[in-house]
Amino acid sequence: MKQNITETIVINIEDKVDPYYFTVLKDRYEKVPTEYQDAKTLFEMYAEKMVMVPLCKEESEQGGISRYEPANKKIWIDVQKDIYAIESGGIFFHEFAHMVVDLNHMYEKDVPIGKFKEFSEALIAEASDYIGKWEKQASELAEKYRVAPERREKFIYNKTMELMKKDILESNSCFFPYGSLSDILDGGSHDKYQISQGHCPEDGHAYWELPYHLPDEAFADIFRCQILGLKEEITKIKKIFSKSYEMYNTILKSIINK
């Protein structure tokens, strides 16, 4: 794929891939907005280290979309789903960011370390603040409507979910329910508010039980948004996760400059 992006970037792909996929990724790479050039630089730095493998037909038919495997440093993707997604190429760049996190040893034994740990703590705190705002509003509505005590907890949960979905949809309907913001809120609430489609259990654990998953997913989510130039989604992420977004950029720069 060297000639499809630049003469200095090589993407290793095992097995046959629809040639149009190269055009999709090339277009995404070439159109990264100026303000997100650090993300583009990171991609250039690590592209040669990446090996991508198309998911087999059986796994794709079972609902598989993508994954990154630290054990063999390979990215597995359902190429056709990534080509025809609303944000085509986004799956590839999301998984690519997981590889970068792994290669930079940002966690040990499933626990984030250093700046990545601080990033995780900021994500949890800001998710709690955002969710708490809507839970408070939902609780006030429960009082207003005089919801019976036995129905109060369920009412507050459902109303909180409804209010958050509405807030996200009003920002950009395209990134709900599979977008980055809903994914971060899912993890930040420890799966209490699964606004997105959720993640499958991993190694016998509920996905968000493993401490490194939240910062790992958030890093990949934001990286994907920057590469694809999803400015509306980034604006909303910055509004809710302002500190976390700054920390993401700090981590990004530290990788580039080390």
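Start by selecting helix α9 (residues 180-188) and helix α10 (residues 213-228): their axes come within 9 Å and cross at roughly 170°. Because of that angle, α9 is roughly antiparallel to α10. Keep in mind, as you look around, that this is a predicted model.

Now show the side chains where the two helices touch. On the α9 side, pick Ser 180, Asp 183, Ile 184, Gly 187 and Gly 188. Facing them from α10 are Leu 214, Glu 217, Ala 218, Asp 221, Arg 224 and Cys 225. Colour this contact by class and you will find 4 nonpolar, 3 polar and 4 charged residues.

Next, follow the chain into the loop between α9 and α10 and stop at Ser 196. Is Ser 196 buried or exposed? With a relative accessible area of 9%, Ser 196 counts as buried, because the cut-off for that is under 20%.

For the last stop, move to the second largest pocket, which holds about 160 Å³ of space. To outline this pocket, select Asn 104, His 105, Met 106, Ile 113, Gly 114, Lys 115, Phe 116, Ile 251, Ser 254, Ile 255 and Lys 258. Two elements each give two or more residues to the lining: α7 (114-144) and α12 (242-257). Coloured by class, the lining of the second largest pocket shows 5 nonpolar, 4 polar and 2 charged residues.

Technical notes
Residues are numbered from 1 along each chain as its sequence is written. This is a predicted model: local features need pLDDT of at least 70, side-chain atom pairs count only at pLDDT 80 or more; totals for chains, interfaces and linings use all residues. Side-chain values use heavy atoms; hydrogens and water are left out. Axes are lines fitted to C-alpha atoms, for helices over the stretch in contact, and angles run from 0 to 180 degrees between N-to-C directions. Helices (H or I, at least four residues) and strands (E, at least two) are DSSP runs, numbered from the N terminus. Angles under 35 degrees count as roughly parallel, over 145 as roughly antiparallel, 65 to 115 as roughly perpendicular and the rest as oblique. Contact means heavy atoms within 4.5 Å. Ala, Val, Leu, Ile, Met, Phe, Trp, Tyr, Cys and Pro count as nonpolar, Asp, Glu, Lys and Arg as charged, and the others, Gly among them, as polar. On a 1 Å grid over the protein atoms alone, a cavity is a set of points where a 1.4 Å probe fits but cannot get out, and a pocket is an open set with protein on both sides within 12 Å along at least five of seven lines; lining residues have an atom within 4 Å of a point. Grid points are joined across faces, edges and corners, and a volume is the space filled by probe spheres set on the points. Buried means under 20% relative accessible area, exposed over 50%, partly exposed in between (1.4 Å probe, protein chains only).
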